[in-house]
Amino acid sequence: MEAPEMVRILGVASETPSHKTFILEKKIRAVPGQFCMLWIPGVDEKPFSFSGVKGNVKVTVKKIGGFTEELFKLRKGDLVGFRGPYGKGFAPVKGRVCLVGGGCGIAPLLPLKDYVKGDVIIAAKNKSELMFSGEFKKKGFSVHLVTDDGSAGMNGFAHEKLAELLKTEKFTMVYTCGPEIMMKKVLDLCLKKKIPCQLSLERYMKCGIGVCGSCMLSEYRVCKEGPVFTGKQLSGTEFGVKTRNACGSGKRI
Ligand SMILES: Cc1cc2nc3c(=O)[nH]c(=O)nc-3n(C[C@H](O)[C@H](O)[C@H](O)COP(=O)(O)OP(=O)(O)OC[C@H]3O[C@@H](n4cnc5c(N)ncnc54)[C@H](O)[C@@H]3O)c2cc1C
C-alpha cells in the first residue's frame with residue numbers, strides 16, 4: 001500500500017452550515033464516483049469521494065464525527081495526507097439521465113455535470129443544507145429541489161420526486177448517491193420501471209484498496225469493485241438490508 005502523501009490545503013469553502021469543500025494542492029485525473037483516503041496524523045484516515053475530478057483535488061465533507069470535526073479545523077496552508085484515486089466510478093451514458101443526490105450524496109454526483117445531461121434531484125433536510133444547484137443549472141440541468149421540511153422545493157423525499165418525473169420522462173440512466181434507505185427506494189423504482197441505475201455506496205472502509213475486507217457487501221469489496229455499482233449487481237445482495245460497523249459486525253439498516 002502506498003504511503004499517504006502530505007499535501008497542502010489550497011482553500012476551504014463553506015457550502016452549507018455542515019458541509020465544506022477542501023481544495024488540495026494535488027492534481028488528479030479521476031472518474032466521477034472515485035474516492036480518496038484523507039489522513040490526519042494522530043487522528044485517523046477516512047474515505048471521501050471527489051467533488052471535482054480534473055485538476056486540483058476537491059472533496060466536499062459533512063461534519064459528522066471525530067475525524068470530520070478535526071478536518072473542519074484545518075485551514076488554507078495546513079497539510080493533510082492523501083491517497084488515491086481509488087475505486088470504480090460512474091460510467092457516463094448518452095441521452096437524458098437523472099441524478100438523485102441526498103444530503104452529502106450530491107457531492108460525488110457533481111462532477112457528472114460535465115459528462116451527462118438531463119435532470120438533477122437535490123434533496124436535503126432543509127433549505128440551508130441544499131448544495132450545488134447553481135453549478136448544475138449553469139450546465140443546463142433541470143434542477144428539482146426536495147426538502148424534508150418543505151423549506152425549499154418539494155416537501156418530501158428524493159424518490160418521491162423521481163416517481164413524479166418518471167410519469168412523463170423516460171431516462172436512459174439514473175445515477176444516485178445518498179443515504180442507503182433513499183438509494184434502495186430509488187433502485188426499487190428503477191427496477192419497476194426497467195430503467196438502468198448506477199449507485200455510489202458507502203461501507204466502513206479501512207485500507208481503501210481491496211486488502212482488508214472491512215467494506216464487504218455480500219461478495220463485493222466496495223472499495224475495489226465499487227463504490228459505484230449497477231442496480232443489477234446489487235440485486236439479491238446485502239444492499240439496503242445490512243451494513244457493517246468498524247469491527248466488521250453486521251447490523252440491519
Ligand atoms: C467511498 C466513500 C465515499 C465517501 N465520500 C464522502 C464524501 O464525499 N463526503 C463526506 O462527507 N463523507 C463521505 N464518506 C463518508 C465519510 O468517510 C465519513 O463521514 C467519515 O469517515 C466520518 O468519520 P468521522 O470520524 O467524522 O465520524 P464517525 O463518528 O467516526 O462516523 C460517523 C459515520 O460515518 C461513517 N464512517 C465512519 N468511518 C468510516 C469509514 N472508515 N469508512 C466509511 N464510513 C465511515 C459511518 O457511517 C459512521 O456511522 C464516504 C465514505 C465512503 C465509504
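In this predicted model, helix α4 (residues 158–165) packs against helix α5 (residues 180–193) at an angle of about 20°. The two axes lie 9 Å apart. Angles under 35 degrees count as roughly parallel, and α4 and α5 are therefore roughly parallel to each other. Their crossing is right-handed. On the α4 side, the contact is made by A158, H159, L162 and A163. These residues meet M182, K185, V186 and L189 in α5. Six residues of this contact are nonpolar, one is polar and one is charged.

Helix α5 also lies across a sheet. The strands under α5 are β7 (96–102), β11 (173–177) and β12 (197–200). Relative to β12, α5 runs at about 170°. Angles over 145 degrees count as roughly antiparallel.

The open sheet has seven strands, in the order β10-β9-β8-β7-β11-β12-β15. Its pairing is mixed. Strands β10 and β15 (228–230) form the edges, and each pairs on one side only. Strands of a sheet pair through backbone hydrogen bonds, either parallel or antiparallel. Strand β8 (residues 117–124) and strand β9 (residues 142–147) run parallel and are joined by six bridges. Within this pair, V120 stands opposite V143 in β9. Helix α3 (residues 133–138) belongs with these two strands: β8, α3 and β9 make a right-handed β-α-β unit.

Strand β1 (residues 5–16) and strand β2 (residues 19–29) run antiparallel, with six bridges between them. In this pair, A13 stands opposite T21 in β2. Angles of 65 to 115 degrees count as roughly perpendicular.

Terms used. Residues are numbered from 1 along each chain as its sequence is written. This is a predicted model: local features need pLDDT of at least 70, side-chain atom pairs count only at pLDDT 80 or more; totals for chains, interfaces and linings use all residues. Axes are lines fitted to C-alpha atoms, for helices over the stretch in contact, and angles run from 0 to 180 degrees between N-to-C directions. Helices (H or I, at least four residues) and strands (E, at least two) are DSSP runs, numbered from the N terminus. A crossing is left-handed if the near helix is turned anticlockwise from the far one by less than a right angle, and right-handed if clockwise. Two residues are in contact if their C-beta atoms, placed from the backbone, lie within 7 Å. Ala, Val, Leu, Ile, Met, Phe, Trp, Tyr, Cys and Pro count as nonpolar, Asp, Glu, Lys and Arg as charged, and the others, Gly among them, as polar. Two strands pair if DSSP finds at least two bridges between them. A crossover is right-handed if, with the strands pointing away from the viewer, the path from the first strand over the helix to the second runs clockwise.
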